[in-house]
Amino acid sequence: MSEGEVVEQLIGYMSLLLLGVSIIFTVVSAYIVALNYFVGEAMFVARLGAFSFVSLILALLTVLMVGAQTAHDGLIQRLHELGAAGELTAAGRAALHNVSNGIDGVVRLLLWAGMLAVYAALAYMTFLHRWKPDVVNVSLQSKRAS
């Protein structure tokens, strides 16, 4: 694989990473909305089922992100090989610069810490937090009852 192809794949990896993060935000946001309107007041079995489902989705996304991370590591290794052969241009050196300065490690650390924090927050909101009905919903229900 040439350096141009490797750099192109690395740029594609960044797009894939941002797409994965946006999908995680979407899943978590939808789950929080569901907690607020449905799951928060549901019985324990229903909350456990909802949490199991969102856990499955987040686990699937995590496995896919780990696979992409492994492919990314292979691309970086190929750049190291090209660099050792003296065939690396400025674009390849710039890509390796992110790895050597620890930027890549910081991104990985933030992703893992963020995922764990989000998962812990979702567990708390599902099983421990006591959801109260929205004021708007309560006033609408009281008007309908009258």
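Me: Which are the buried residues of α1?

Reply: In this model they are E3, V6, V7, L10, Y13, L17, G20, I24, V28, Y31 and L35. Buried means under 20% relative accessible area, exposed over 50%, and partly exposed in between (1.4 Å probe, protein chains only). An α-helix has 3.6 residues a turn, so residues three or four places apart point the same way. The model is predicted: local features need pLDDT of at least 70 and side-chain atom pairs count only at pLDDT 80 or more, while totals for chains, interfaces and linings use all residues. Residues are numbered from 1 along each chain as its sequence is written, and side-chain values use heavy atoms, leaving out hydrogens and water.

Me: What do the buried residues of α1 pack against?

Reply: Their partners are α2 (44-84), α3 (90-100) and α4 (103-127). Contact means heavy atoms within 4.5 Å, and helices are DSSP runs (H or I, at least four residues; strands are E, at least two), numbered from the N terminus.

Me: How many residues has α1, and what distance does α1 reach?

Reply: Expected span is 1.5 Å times one less than the number of residues. Helix α1 (residues 3-37) has 35 residues and reaches 51 Å from first C-alpha to last, close to the expected 51 Å.

Me: At what angle do α1 and α2 pack?

Reply: Angles run from 0 to 180 degrees between N-to-C directions, and axes are lines fitted to C-alpha atoms, for helices over the stretch in contact. Here the angle is about 165°, with the axes 10 Å apart. That makes α1 roughly antiparallel to α2 (over 145 degrees; under 35 is roughly parallel, 65 to 115 roughly perpendicular, the rest oblique).

Me: Where do α1 and α4 meet?

Reply: L17, V21, I24, V28, Y31, I32 and L35 in α1 meet V107, L111, M115, V118, L122, M125 and T126 in α4. These helices pack at about 10°, axes 11 Å apart, and are therefore roughly parallel.

Me: At what angle do α2 and α3 pack?

Reply: At about 125°, with their axes 10 Å apart. That makes α2 oblique to α3. I76, L79 and H80 of α2 touch G92, A95, L96 and V99 of α3.

Me: Is S55 buried or exposed?

Reply: S55, in helix α2, is buried, with a relative accessible area of 15%. Its side chain makes a polar contact with the side chain of Y119 (2.7 Å). A polar contact is a pair of N or O atoms within 3.5 Å; within protein, one must be able to donate a hydrogen and the other to accept it, and residues adjacent in sequence count only if both atoms are side-chain atoms.
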